[in-house]
Amino acid sequence: MNDTHNCVAEPDAWEMERMRERMYAFCFPNIPRTLDEQAAFEQAVRLQYAHEETARAAREGVPDGVQGFRIGDFQMSFAERRGNGPLTNATVCPAAYGLLLRHGLLYRGAEGRRV
């Protein structure tokens with residue numbers, strides 16, 4: 001996925017909480033513990049929000065999930081669900097991914113992170 005960010009409207013508290021929960025699920029089983037990890041996590045949440053809002057604006061006028069369509073002998077194909085579904089390596093903002101990775105929030109080793 002391209003790393004695209006435009007200036008977007010400031011998200012409200014509900015939008016931020018929804019994005020936080022999706023990011024927590026992406027990082028699971030890790031949670032930000034230290035102040036640095038918490039700051040990195042919040043920055044990643046904002047980056048992901050801007051990334052998705054930029055993508056949504058680029059698709060304006062096209063129904064969600066439409067990957068392509070043809071007018072002659074009408075045909076429409078749908079992409080896999082994006083935006084409100086779970087974050088994956090294919091849908092996460094590359095900048096947010098890098099930030100989470102660098103701060104150890106994506107480590108899924110058997111030992112877990114040491115505090």
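## Terms and model

A nonpolar core is a set of buried Ala, Val, Leu, Ile, Met, Phe, Trp, Tyr and Cys residues joined through side-chain atoms within 4.5 Å. Buried means under 20% relative accessible area, exposed over 50%, and partly exposed in between (1.4 Å probe, protein chains only).

The model is predicted: local features need pLDDT of at least 70, side-chain atom pairs count only at pLDDT 80 or more, and totals for chains, interfaces and linings use all residues. Residues are numbered from 1 along each chain as its sequence is written, and side-chain values use heavy atoms, with hydrogens and water left out.

## Overall layout

The chain has three helices and two strands, in the sequence order α-α-β-β-α. Helices (H or I, at least four residues) and strands (E, at least two) are DSSP runs, numbered from the N terminus.

Of the 115 residues, 30% are buried. The accessible surface of the chain is about 7700 Å², and carbon and sulfur atoms make up 54% of it; these areas come from the Shrake-Rupley method with a 1.4 Å probe, and for residues only the protein chains shown count as cover. A contact means heavy atoms within 4.5 Å. Among contacts between residues at least 6 apart in sequence, 74% join residues at least 24 apart.

## The nonpolar core

The largest nonpolar core has 18 residues, of which Met23, Phe26, Cys27, Phe41, Ala44, Val45 and Leu100 touch the most other members. Helix H1 (13–27), helix H2 (35–58) and helix H3 (94–102) each give two or more residues to this core.

Leaving aside residues up to four places away in sequence, Met23 touches Phe41, Ala44, Val45, Gln48, Leu87, Ala96 and Leu100.

H1 has 15 residues, which at 1.5 Å a residue should span 21 Å; its end C-alpha atoms are 21 Å apart, in agreement. The expected span is 1.5 Å times one less than the number of residues. Met16, Met19, Arg20, Arg22, Met23, Phe26 and Cys27 are the buried residues of H1. They lie on the same side of H1, because they cover an arc of only 165 degrees around the axis, taken from the directions from the helix axis to the C-beta atoms. The face turned away from this side carries the exposed residues Ala13, Trp14 and Ala25.

Pro29 sits in the loop between H1 and H2. A cis peptide bond, with omega about 15 degrees, joins Phe28 and Pro29.

## Cysteines

Cys27 is buried at 1% relative accessibility, and Cys93 is buried at 0%. With a disulfide taken as a pair of cysteine sulfur atoms within 2.5 Å, the count is zero.
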